[in-house]
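This briefing sets out the helix packing, the sheets and selected residues of one protein structure. The points below are grouped by topic and may be read alongside the model.

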Amino acid sequence: MDHNKLALPVGTTLDRFIMRKQEDFPYATGELSQLLRDIALATKIVNREINRSGLIDIAGAYGNRNVQGEEQQKLDVIANIRFIRALRNGGEVCTIISEEDEEMIQTGNVQGKYVVAIDPLDGSSNIDVNVSIGTIFSIYRRVSPTGNEGNEQDCLQTGTHQVAAGYVIYGSSTMMVYTTGNGVNGFTYEPSLGEFFLSHPQITTPKTGAIYSLNEGNSNEFSEAMTAYVDHCKQQGYSARYIGSLVADFHRNLLKGGIYIYPATKKAPNGKLRLMYECNALAFIVEQAGGKSSDGRTRTMELEPKGMHERCPLFIGSTELVEKAEEFMAREYEAATAAALK
Ligand code: AHG
Ligand code: MN
Ligand code: MN
């Protein structure tokens, strides 16, 4: 053990880091910083609920279905309430899009300059079995004037307009990873101090990797190109890794290099994942870390959202792997176009 390390300062807290970053933007008013701190606060509360979920009857199903027709877990509902409350109290956000609410949520903060899209709890099928879960968020500046509630135009901006995005992974340790468009930084939670500390400064993702992550149980539903790409991964000797929590699968691949895919299937032609509060945030982060994200053809952040709960296929991770997968998908697209022209 290097004893000199014990003499080092305790490290940079998330709050201090956010404050310092704000100084880099001379005209910043501090509202975005406050908003990020509000999210971090809710995260600590959600982390506490998750950690004791086995003890206080908050694991398991809530007895309701959300807008996607998926069974809500109690922790989905709790996390949703916690984040909405923090954003409402914080005052910087006028409107929220949440996986758990069909309509946009008006916070009542009509002077708020920001809109947040959030998946309060991602990977909820893993809650009851002690497997990593997460939270995903995107932040946009509203386009309508302040003084009124946010509207659809504010909520349906393309991913390129995100001003910040991040995720929290509740895993073997709890981490928050975010970007404001100037690189990606990761913070690890120290529960005894109740603080996030900078642990992963300036994350960059490897250009290539040897992990592929997708639900191969759906392979009967894959297109020919998709099946061919999975065969290619096997021929390359890649390892298959699939947790079934997008945040956890993404986080591993971001650090180690790899590709995560949730493709279109015959049953679900737009895949499963949601553009506004799953795909765009991770796309912004991966690009800021030097990686790539698309729906197999179009850059994720350039997809035009038509609805708040819209789904899209997701190919995300190391640039070389995503580009290779896109090559396979392009053959399929060209064949379909040729067939349509006949
Ligand atoms: P959520 O819990 O927010 O509804 O998200 C579940 C998502 C995502 O986390 C995960 O990668 C994917 O569903 C897993 O889907 P399959 O079970 O179809 O593989
Ligand atoms: Mn999710
Ligand atoms: Mn969710």
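Two strands are taken to pair if DSSP finds at least two bridges between them. On that basis, an open sheet of eight strands with mixed pairing has the order S4-S3-S5-S6-S7-S8-S9-S10. The model is a predicted one. A second open sheet, of five strands and likewise of mixed pairing, has the order S12-S11-S13-S15-S14.

- Strand S3 (residues 93-98) and strand S5 (residues 114-122) run parallel and are joined by five bridges.
- Within this pair of strands, valine 93 stands opposite tyrosine 114 in S5.
- Helix H1 packs on the sheet, where it touches strand S8 (174-179), strand S9 (184-190) and S10. The direction of H1 makes about 5° with that of S8.

- Strand S12 (239-240) and strand S14 (292-294) are the edge strands, each pairing on one side only.
- Strand S11 (residues 211-213) pairs with strand S13 (residues 259-262) in the parallel sense, over two bridges.
- Serine 213 has tyrosine 260, in S13, as its bridge partner.

**Packing of H1 on H2**

- Helix H1 (residues 14-23) packs against H2 at an angle of about 165°, and their axes are 10 Å apart.
- Angles over 145 degrees count as roughly antiparallel, and H1 and H2 are therefore roughly antiparallel to each other.
- The crossing of H1 with H2 is right-handed.
- H1 contributes Leu14, Asp15, Ile18, Met19 and Gln22 to the contact, while H2 contributes Ser33, Leu36, Arg37 and Ala40.
- By class, the residues of this contact of H1 with H2 comprise five nonpolar, two polar and two charged.

**Packing of H2 on H3**

- The axes of helix H2 (residues 31-51) and helix H3 (residues 74-90) cross at roughly 150° and come within 9 Å.
- H2 and H3 are therefore also described as roughly antiparallel to each other, and their crossing is right-handed.
- On the H2 side, the contact is made by Leu35, Asp38, Ile39, Ala42, Thr43, Ile45, Val46, Arg48, Glu49 and Ile50. On the H3 side, it is made by Leu75, Ile78, Ala79, Arg82, Phe83, Ala86, Leu87 and Gly90.
- Twelve nonpolar, two polar and four charged residues make up the contact of H2 with H3.

- Nine of the eleven residues of helix H6 (residues 246-256) are buried, so H6 is largely enclosed by the rest of the structure.
- The buried residues of H6 are Leu246, Val247, Ala248, Asp249, Phe250, His251, Arg252, Asn253 and Leu254.
- Glycine 257 follows H6 and has a positive phi, near 95°.
- In helix H7 (residues 275-288), twelve of the 14 residues are buried, so H7 too is largely enclosed by the rest of the structure.
- Buried in H7 are Leu275, Met276, Tyr277, Glu278, Cys279, Asn280, Ala281, Leu282, Ala283, Phe284, Ile285 and Val286.
- After H7 comes glycine 290, with a positive phi near 95°.

**Valine 77**

- Valine 77 lies in helix H3.
- The relative accessible area of valine 77 is 14%; the cut-off for a buried residue is under 20%, and valine 77 is therefore buried.
- Not counting residues up to four places away in sequence, valine 77 touches Tyr62 and Gln72.
- Valine 77 and aspartate 101 are 24 residues apart along the chain, and their C-alpha atoms are separated by 10.0 Å.

**Isoleucine 316**

- Isoleucine 316 belongs to strand S15 (residues 314-317).
- With a relative accessibility of 1%, isoleucine 316 counts as buried.
- Leaving aside neighbours within four places in sequence, isoleucine 316 is in contact with Phe250, Gly258, Ile259, Tyr260, Leu282, Ala283, Val286, Lys292, Ser293 and Val322.
- Among these contacts of isoleucine 316 are Phe250, which is one of the buried residues of H6, and Leu282, Ala283 and Val286, which are buried in H7.
- The C-alpha atoms of isoleucine 316 and asparagine 253 are separated by 9.2 Å, with the two residues 63 apart along the chain.

Terms used:
Residues are numbered from 1 along each chain as its sequence is written. Chains are lettered from A and ligands numbered from 1 in the order in which they are written. This is a predicted model: local features need pLDDT of at least 70, side-chain atom pairs count only at pLDDT 80 or more; totals for chains, interfaces and linings use all residues. Side-chain values use heavy atoms; hydrogens and water are left out. Buried means under 20% relative accessible area, exposed over 50%, partly exposed in between (1.4 Å probe, protein chains only). Helices (H or I, at least four residues) and strands (E, at least two) are DSSP runs, numbered from the N terminus. Axes are lines fitted to C-alpha atoms, for helices over the stretch in contact, and angles run from 0 to 180 degrees between N-to-C directions. Angles under 35 degrees count as roughly parallel, over 145 as roughly antiparallel, 65 to 115 as roughly perpendicular and the rest as oblique. A crossing is left-handed if the near helix is turned anticlockwise from the far one by less than a right angle, and right-handed if clockwise. Contact means heavy atoms within 4.5 Å. Ala, Val, Leu, Ile, Met, Phe, Trp, Tyr, Cys and Pro count as nonpolar, Asp, Glu, Lys and Arg as charged, and the others, Gly among them, as polar.
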